[in-house]
Amino acid sequence: MFSKEHETMKPGITRICIYPKDIQRVTGKSERYSRYLILKIRSVLNKEKHQVITVQEFCTYMGIPYESMRDIMRY
């Protein structure tokens, strides 16, 4: 059913941007806190409202090793 390409793909982070649900899994906090955190990171990085926060930016801001996000964001 799946092509050979699908079988040879490496497991790991498949997205670049991070969403409140991902932050909930990492922090164990509420969705509201997660949305607030995204706004705060966006403000610190001087990003505009339409710009997304990347996993790397989130990890840097929170002091979390980027490699540890692979287990959490695997889907």
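The questions and answers that follow concern a predicted model and set its values against the definitions used.

Q: What makes up the secondary structure of the chain?
A: The secondary structure comes to 5 helices and 0 strands, and from the N terminus on the elements run α-α-α-α-α.

Q: How do you know that the end-to-end distance of helix H3 agrees with its number of residues?
A: Helix H3 covers residues 31–44, and its 14 residues, at 1.5 Å a residue, should span 20 Å. The expected span is taken as 1.5 Å times one less than the number of residues. Because the end C-alpha atoms of H3 are 20 Å apart, the two values agree.

Q: Which residues of H3 are called buried, and why are they placed on the same side of the helix?
A: The buried residues of H3 are Ser34, Leu37, Ile38, Ile41 and Arg42. They cover an arc of only 135° around the axis, and therefore they lie on the same side of H3. As a general point, an α-helix has 3.6 residues a turn, so residues three or four places apart point the same way.

Q: What covers the buried residues of H3?
A: The cover includes helix H2, residues 20–27, and helix H4, residues 55–62.

Q: Why is arginine 32 called exposed?
A: Exposed means over 50% relative accessible area; arginine 32 has 66% relative accessibility and therefore counts as exposed. Arginine 32 lies in helix H3, on the face turned away from the buried side, which also carries the exposed residues Leu39 and Val44. The C-alpha atom of arginine 32 is separated by 8.2 Å from that of proline 20, and the two residues are 12 residues apart along the chain.

Q: What makes a set of residues the largest nonpolar core here?
A: A nonpolar core requires buried residues of the nonpolar kinds, joined through side-chain atoms within 4.5 Å. The largest such set has 11 residues, namely Ile18, Ile23, Leu37, Ile38, Ile41, Ile53, Val55, Phe58, Cys59, Met69 and Met73. H3 and H4 each supply at least two residues of this core.

Q: How many of the contacts with a separation of 6 or more join residues 24 or more positions apart?
A: Such residues account for 50% of those contacts in the chain.

Key: Residues are numbered from 1 along each chain as its sequence is written. This is a predicted model: local features need pLDDT of at least 70, side-chain atom pairs count only at pLDDT 80 or more; totals for chains, interfaces and linings use all residues. Side-chain values use heavy atoms; hydrogens and water are left out. Helices (H or I, at least four residues) and strands (E, at least two) are DSSP runs, numbered from the N terminus. Buried means under 20% relative accessible area, exposed over 50%, partly exposed in between (1.4 Å probe, protein chains only). The arc is that of the directions from the helix axis to the C-beta atoms. Contact means heavy atoms within 4.5 Å.
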